[in-house]
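Subject: Structure for you to look at

Hello,

Here is the structure I said I would pass on. My notes on it follow below the display.

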Amino acid sequence: MLQPSSGAPAASALLTIWTEHGQWALPCAAVVSVESATATPMAEPPLDLGALLGAPSSDPARDDRVLVVQSGQRRRRVRIAGQLHLVEGSAVQLLPLPPELRRMSPLVSHVATVGGKPTLFVVSPERLLESLPSAPHGSEDAV
Amino acid sequence: MMRALVPAKIGQAWVLLDADIIREILGQESWLPIPGARAEMPGVIAWRGRAIPVVDLAAPFGSERLNNGETRARTLIASVAESIVAVPVDAAREVHGVNPADLRPVTVTQLPYALAETELFERVLAVIDLPRFVGEILGGATPELGREGIGGHAAAL
């Protein structure tokens with residue numbers, strides 16, 4: 001089990017995303033599915049998650065993955081370029097993001113440490129979905 | 001009453017920080033860069049079970065800034081206003097007690113955020129106002145970064 005500090009996401013595992021520009025994680029409970037970016041044609045292109053989190057935006061590539069993220073009644077597809085891994089174990093500790101950095105990283109709720117070292121920024125699915133405009137066709141918003 | 005100051009080195013510059021705001025002096029610490037963050041507050045470290053921001057004094061001093069994955073030999077943990085921040089430095093020395101009468105207005109060092117100057121190690125070192133620097137970062141402004149000539153008069157030992 002993870003060892004969440006106060007206010008930590010109620011997740012027992014994290015889907016980690018390792019990219020050239022940063023390392024992030026999402027609570028697995030919020031990720032409905034992981035799809036190949038080329039697997040299924042989509043009416044609307046998925047949003048670039050890295051760019052939403054402050055990394056340079058990237059053009060869609062064949063190796064990209066699309067995560068279907070859900071929080072409450074909202075669901076959206078986001079695209080990510082990078083390696084995906086599952087992390088679950090007592091070596092991971094979640095520390096709340098310091099208030100001084102919330103304005104800089106408003107979608108991040110926690111810093112995950114592995115072996116005592118800060119390793120990943122944990123994205124809040126709630127904040128992520130609340131920050132996004134509604135899908136143009138509304139098809140992804142309601143579950 | 002003597003004023004307690006901690007000498008710290010950033011790049012080639014030695015500066016002085018008030019000892020009463022320094023909570024700990026750690027060794028080299030790993031930090032996690034925040035994508036898109038400003039150079040003055042580039043990331044976060046873990047300290048005593050909490051995450052705290054990293055403040056890079058090299059940014060205002062014109063020294064080489066911390067890049068992703070880079071660390072410095074010492075990490076100062078400082079209480080600044082209601083924040084606790086980590087300040088990576090290249091070196092830190094023991095606390096020195098300085099007579100307030102020996103603190104003079106800034107004329108030689110010309111570093112941004114300098115409050116005063118005093119002689120130490122046979123050099124003139126600036127006392128840096130870390131709380132003001134951090135306060136300006138958190139307030140979204142660092143007006144002294146625009147000053148000309150910063151970093152040009154750093155005291156190299």
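In this predicted model, the side chains of Glu24(B) and Arg48(B) form a salt bridge, with 2.5 Å from N to O. Glu24(B) sits in strand 3 of chain B, residues 22–26. The relative accessible area of Arg48(B) is 64%, and because exposed means over 50%, Arg48(B) counts as exposed.

As background, side chains of opposite charge can pair when their charged atoms come close.

A second salt bridge in chain B joins the side chains of Arg38(B) and Glu40(B), at 2.7 Å from N to O. Arg38(B) is partly exposed, with a relative accessible area of 26%. Glu40(B) has 6% relative accessibility, which is under the 20% limit, and therefore counts as buried.

Another pair to look at is Arg72(B) and Asp56(B), whose side chains meet in a salt bridge of 2.8 Å, N to O. This pair links distant parts of the chain, 16 residues apart. Arg72(B) is in the loop between helix 1 (58–61) and strand 7 (74–80) of chain B, while Asp56(B) is in the loop between strand 6 and helix 1 of chain B. Both Arg72(B) and Asp56(B) are buried.

In chain A, Asp48(A), Asp64(A) and Arg79(A) are joined into one network by salt bridges that share partners. Over all chains, a search of the whole structure finds ten salt bridges.

Some notes on chain A as a whole:

- Chain A contains eleven strands and two helices.
- Read from the N terminus, the order of elements in chain A is β-β-β-β-β-α-β-β-β-β-β-β-α.
- Chain A has 143 residues, and 46% of them are buried.
- Of the contacts in chain A between residues at least 6 apart in sequence, 62% join residues at least 24 apart.
- The accessible surface of chain A is about 7,100 Å², and carbon and sulfur atoms account for 52% of that surface.

If you open the model, the Glu24(B) and Arg48(B) salt bridge and the network of Asp48(A), Asp64(A) and Arg79(A) are both there to look up by residue number.

Regards

Methods: Residues numbered from 1 in each chain as written. Chains lettered and ligands numbered in written order. Predicted model: local features only at pLDDT ≥ 70, side-chain atom pairs only at ≥ 80, totals over all residues. Heavy atoms only, no water. Salt bridge = Lys/Arg side-chain N within 4 Å of Asp/Glu carboxyl O. Helix = DSSP H or I, 4+ residues; strand = E, 2+ residues; numbered from the N terminus. Buried < 20%, exposed > 50% of the residue type's maximum accessible area, 1.4 Å probe, protein only. Contact = heavy atoms within 4.5 Å. Areas by Shrake-Rupley, 256 points an atom, 1.4 Å probe, with all protein chains shown as cover.
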